[in-house]
Amino acid sequence: MTSASASPTIQNSERSSEMPGGIDWLLVLALVAFAAVTVRSLVYTPIEVRQGIAQKIFYVHVPAAVISLYVSCIPSAIASVMYLWLKDERLDRIAESLAEVGLVFLTMVLTSGPFWGKTTWGTWWQWDARLTTTLFLWFVLVGYLVMRGAIEEAEARARLSAVLGTMIGLLVPFIHLTVYLFPTIHPAPVILAPQKPQMSSEMLITLLSSFGAFVVLYAALLRRRYRWATARDLQQQLENQRA
Amino acid sequence: MSVPAHESNFPSRVAASDGGAGAFEVRSDGASRVLEAVGLVRSFSGRKAVNGVSLQLGAGKCLALFGPNGAGKTTLLRMLGGQLRPTEGHVELLGHRLPGDAATRHLVGLISHHTMLYAALTAHENVVFAAECQGVRDAGAASTKALERLRVSDRADTAVRLLSRGLQQRVSIARALVHRPQLLLLDEPYTGLDEVGASALTDALRELLADGATLVLVTHHLGEGLALGTQAAIMLDGRLVRSDAAPNGGFDSSAYSNLYRSLVTREVA
Amino acid sequence: MSPAALKVDYKPAGFVRDTLRIARKDLIIEFRTRSAFFSAAVFAVLSVVIFRFTWDTASLTTGDLAPGVLWVIFTFSGLLGLNRSFGIELADRGLDALLASPVSREAVFAGKALANFVFVCAVQLLTMPAIALFYNLPAGEYWFAVLGVVVMAAIGLVSVGTLFAAMTSNTRMSELLLPMLALPFFVPIVIPAAQASTSLMAGRPIDEVIGWCKLLAAFDIVFVAACTAAFPFTLEE
């Protein structure tokens, strides 16, 4: 006797609205924008006097850093807390997608940073507040994804990930605060500093365009990742019913 | 659902409760309702392990629950004990909704094929620990008494890891009974027990039933289950497909065995 | 016979006694099996010796080395103890019976964390004299201050560690996952603790390390609360 009346918990409306085999226009737009900004930053933006050509890493590094921390990791922690409260599996998928895409962008930050640092400060790495926080955030996100991979049952996976996600949210300020008490040589914020920005308008436009391109890229990747998670969970539920 | 020919041996069969879907209820006659479950459903990632089970049991009643592996018996038992929250439906124990507060948890005892003991502690220490967690007033004396009833007093000061599987199971049963639970949930308790152990367990359970406890017994041993059961039910694919109250002379083991086999093989085929 | 006549006297023990009973149970088991403590003790002594020989004592005195060694041992021996904290519960599903009893989830967490705390402190009480001995550090009142730092750090470590042990013990790669998840969380404990103990061992007055101690205390308060609140979510229901 099969349980014919059971239905998967994922509704029809959530299933991908893309046509099968169709083109993901958002992703195409993102890649075009990314290419355009790359060209602009390399060819059309003046070279900064003190730091030289390596300064152009700035246009990748800063948007990736801002997005990964504020757009990805903090919302992921919030989604985790809300999952514990509401137990909606969509929140778990959101947290998972935010964490994974955030990890991609964090990796960009951590790989671009040392190249810039080597030319500017003379060292690949410094144990200042920002770098250490970023590095440890990277580690905990990897740990988060490894733990998700180690749990097979969906409800347990969602629940434990949410606990970990919440703890990560609490951890980050502590790491930052702890390391902050050490002397830092990280460049002071250029844009958000109270004085006038020290960049030329050309550079500012490039930076803002880069932000825009990164946001679109982030949105495209996030959407794909979320849809993939939905499809995966749906398939799992259908398989469980057949079993 | 068509009815097998030998059902006439079971006069008090309860009719289907939802007109045709084939789900049976277990209903208690007379005595005060101790355990009540309504429309229990539990799913794991889309798969319904328990798919609509309702039952009522009174004091001094024992439900013997049979079914093949994977039927959902363990999941049902965990919901009845308040260890697992149902996806739909609810369970009430003496009027308290489960999972309940501390006082409600005190009413429940658990026995399974896992001993739930700590291997490095002695039998006595294990049972005293359980008794103290249950708030039993004189835990040492209660433990000694419980171990006596299960005929393992002579091994009371031996570390559990040094005991044979059968003796460990008896200590586990002592652990579960030390606080005289109102509702006792047993998941294959006879596993690993020898003759002495099995008869000690049956005696202890009979004593509890006589004192008014309620039992839900999941077992593959039809004989032992039917000997204790005041009701018998068969679970398949998350539903109760059959439920019978014990006739006056007790269940007829071989007849029920045939019934069970026919139901289970028909569903599987 | 009515159900009411069935019950023995039921007297709930309360949070503190439940916690102490569970901690005592865990410690007795550890004492009898001696698995984790011996491993931790051996690890501690070996580390003290090995670190001594891997550093060039011309450029770095043992006084500089000692705090680092102390906190490395603290972290990794702590992990050794945390690993087995829920292992004993899962071996024969003792945790099922415990959770089905009137004992509150908070008491289960507190009891296990307390046992882990005693474990960690016991290892440190072995390590500190070993370090003093092998690295020729002078005796003095500063050791009490260092012990105070160790205690504060241990509180944070066992809170996070007990929670993560509960989370990972039921998963596939539990022995890898626990250190992997926990170590980043130990960093905000170890940094202030190491800084404070370095100052203390160098003979600086306690006033100078108050800032680090405040940070440790803040971490302890936040994470003891958060982990106790999060613990019930790690149990299936």
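Because the model is predicted, local features need pLDDT of at least 70 and side-chain atom pairs count only at pLDDT 80 or more, while totals for chains, interfaces and linings use all residues. Residues are numbered from 1 along each chain as its sequence is written, chains are lettered from A and ligands numbered from 1 in the order in which they are written, and side-chain values use heavy atoms, with hydrogens and water left out.

Trainee: How far apart are the end C-alpha atoms of helix α1 of chain A?

Mentor: Helices (H or I, at least four residues) and strands (E, at least two) are DSSP runs, numbered from the N terminus. Helix α1(A) covers residues 25-44, which is 20 residues.

Trainee: Which elements do the buried residues of α1(A) pack against?

Mentor: Buried means under 20% relative accessible area, exposed over 50%, partly exposed in between (1.4 Å probe, protein chains only). The buried residues of α1(A) are Leu27(A), Ala30(A), Val37(A) and Ser41(A). They cover an arc of only 90° around the axis, so they sit on the same side of α1(A); the arc is that of the directions from the helix axis to the C-beta atoms. Their packing partners are α2 (58-86) and α6 (201-242) of chain A.

Trainee: Which exposed residues does the face turned away from the buried side of α1(A) carry?

Mentor: The buried side holds Leu27(A), Ala30(A), Val37(A) and Ser41(A). Turned away from it are Trp25(A), Val32(A), Val43(A) and Tyr44(A).

Trainee: Is Arg170(B) buried or exposed?

Mentor: Arg170(B) is found in helix α5 (residues 165-177) of chain B. Contact means heavy atoms within 4.5 Å. Not counting residues up to four places away in sequence, Arg170(B) touches several residues, among them Leu150(B), Arg151(B) and Asp194(B). Its relative accessibility is 6%, so Arg170(B) counts as buried.

Trainee: What volume does the largest cavity have?

Mentor: On a 1 Å grid over the protein atoms alone, a cavity is a set of points where a 1.4 Å probe fits but cannot get out; lining residues have an atom within 4 Å of a point. A search of the whole structure finds 1 cavity of 30 Å³ or more. Grid points are joined across faces, edges and corners, and a volume is the space filled by probe spheres set on the points. The value is about 170 Å³.

Trainee: Which residues are closest to the centre of the largest cavity?

Mentor: Elements giving two or more residues to the lining are β7 (108-111), α3 (123-133) and α5 of chain B, together with α4 (94-100) of chain C. The lining has 18 residues. Closest to the centre are Ala130(B), Gln134(B), Arg175(B), Ala97(C) and Leu98(C).

Trainee: What is omega of the peptide bond from Leu98(B) to Pro99(B)?

Mentor: Most peptide bonds are trans. Pro99(B) lies in the loop between β6 (96-97) and α2 (102-105) of chain B. The bond from Leu98(B) is cis, with omega near -5°.

Trainee: What is phi of Glu188(B)?

Mentor: Glu188(B) lies in the loop between β8 (183-187) and α6 (195-210) of chain B. At 15% relative accessibility, Glu188(B) counts as buried. Its phi is positive in a residue other than glycine, near 55°.

How values were computed:
Expected span 1.5 Å × (residues − 1). 1 Å grid on protein atoms, 1.4 Å probe; cavity = no way out; pocket = protein on both sides within 12 Å on 5 of 7 lines; lining within 4 Å.
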